[in-house]
Every structure is written in structure tokens, then in C-alpha cells.
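Colleague: I have some questions about this fold. Could you show me the model before we start?

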Amino acid sequence: MAVTETETLLLVGEACSGLGEGASFTALEWVRREFLAKLGFEPYPGTFNLQMSGPDWDAARRVMAREAGIVITPEAGFCAAKCFLVVVGGCITGAVVFPEVAGYPPDKFEVISAVPVRQALGVADGDKVAVSVVC
């Protein structure tokens, strides 16, 4: 039996508003099925966005780039994505999603969860938020 070691990355980002596209994406039936099957939860409509920067983020991006992550297989016409399980603010579980699309901002950290993260944590744009990423 193979033993898989996991690594937990501890990061801090700044809450920021997204483009507003997360709600329509997470409402798609194939997306809901993929997340339920592969991540174990149905996503709340929308995403929670953090802007990341600094040497810890650069190092974390390198680690996540070399890890397989959890692959979200798209329906025709949509892009694939890679996810990692996360804990936001020390108490909310979810997944960070990295769409495999050209031009995706390198400082964007987009979290999907079963609950509305921003409201649950009482977070406003500009607030610092800790996140743990399981690779």
C-alpha cells in the first residue's frame, strides 16, 4: 500500500471582490455534480476571493503547480480546473479553484465552499484572511 504525504500551506491573503461570475458558474449542474463527487460538498452560489502576494504565495504557487490536486473535468465548452482543499479563517472548509484558462490572474485565490464564506466570517474587502491549503 502506498502512503501519500500531504503538505499544508499556511497563507494570508486580502479579501477582494471578484468579477461576479462565480455564482453562475457554481450554479451549473455539471459543476455541482463534479464538486459533490470530488470535493464532498455542493457549492454555495459564488466564490470568495483573496488577492495573494509575497514570497509565501510565490512558494505556495510552485508547490501547487507540481501537485496533481483534484481535477474538475468540464463539459464541452468549459475549461478544466484544479482544486485543493482549504480551511478559511480557521473554521470554514472548501476548495481553492484554479481554472486552466489563459490569462487567469496569478494573484487570484478563488474559494468555493458550501457556505457563503464572506458573510460567515464577516469579512470586508481589504481584510486579511488566513487560509490553509492541503496539497
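Modeller: Here is one definition to begin with: a residue is buried if its relative accessible area is under 20%, and exposed if that area is over 50%. Keep in mind that this is a predicted model.

Colleague: Which residues of helix H2 are buried?

Modeller: Helix H2 spans residues 29–39. The cut-off for buried is under 20% relative accessible area. In H2 that picks out Trp30, Val31, Glu34, Phe35 and Leu39.

Colleague: Which exposed residues does the face turned away from the buried side carry?

Modeller: Now turn to the other face of H2. Exposed means over 50% relative accessible area. On the face turned away from the buried side, the exposed residues are Glu29 and Ala37.

Colleague: What covers the buried residues of H2?

Modeller: The cover includes a helix, H1 (22–26). Strands take part too. Among them are S3 (70–72), S4 (81–88), S5 (92–99) and S6 (108–113).

Colleague: How many residues of S6 are buried?

Modeller: Take the two faces in turn. Lys108, Glu110 and Ile112 are buried on one side. Phe109, Val111 and Ser113 are buried on the other. S6 is largely enclosed by the rest of the structure, because its buried residues number six of the six.

Colleague: Which residue of S6 is the bridge partner of Gly94?

Modeller: S6 has pairing partners to check. Strand S2 (residues 48–51) runs antiparallel to S6, with four bridges, and there Gln51 stands opposite Lys108. S5 also runs antiparallel to S6, again with four bridges. In S6, the partner of Gly94 is Ser113.

Colleague: How many bridges join S4 to S5?

Modeller: The two strands form a hairpin with three residues between them. Gly89 in that turn has a positive phi of about 60°. Cys83 has Val97 as its bridge partner in S5. The strands run antiparallel, and the bridges joining them number eight.

Colleague: Which residue in S7 is the bridge partner of Val86?

Modeller: S4 and S7 pair in the antiparallel sense over four bridges. S4 is mostly covered, with six of its eight residues buried. In S7, the partner of Val86 is Val133.

Colleague: Which element gives the largest share of the largest nonpolar core?

Modeller: This core has 25 residues, and those with the most contacts inside it are Phe48, Met64, Phe109 and Val133. Several elements each supply at least two residues, including S1 (8–16), H3 (55–66) and S7 (128–134). The largest share is four residues, and it comes from H3.

Colleague: How many residues are in the second, separate core?

Modeller: Phe41, Ile72, Ala81 and Ala95 are among its members.

Colleague: Which element gives the most to the lining of the largest pocket?

Modeller: About 470 Å³ of space lies in this pocket. It is lined by 22 residues, and the closest to its centre are Glu21, Gly22, Phe25, Pro99 and Glu110. H1, S5 and S6 each supply at least two lining residues. With four residues, the element that gives the most is H1.

Methods:
Residues numbered from 1 in each chain as written. Predicted model: local features only at pLDDT ≥ 70, side-chain atom pairs only at ≥ 80, totals over all residues. Heavy atoms only, no water. Buried < 20%, exposed > 50% of the residue type's maximum accessible area, 1.4 Å probe, protein only. Contact = heavy atoms within 4.5 Å. Pairing = 2+ DSSP bridges. Core = buried A, V, L, I, M, F, W, Y, C linked by side-chain atoms within 4.5 Å. 1 Å grid on protein atoms, 1.4 Å probe; cavity = no way out; pocket = protein on both sides within 12 Å on 5 of 7 lines; lining within 4 Å. Points joined across faces, edges and corners; volume = space filled by probe spheres on them.
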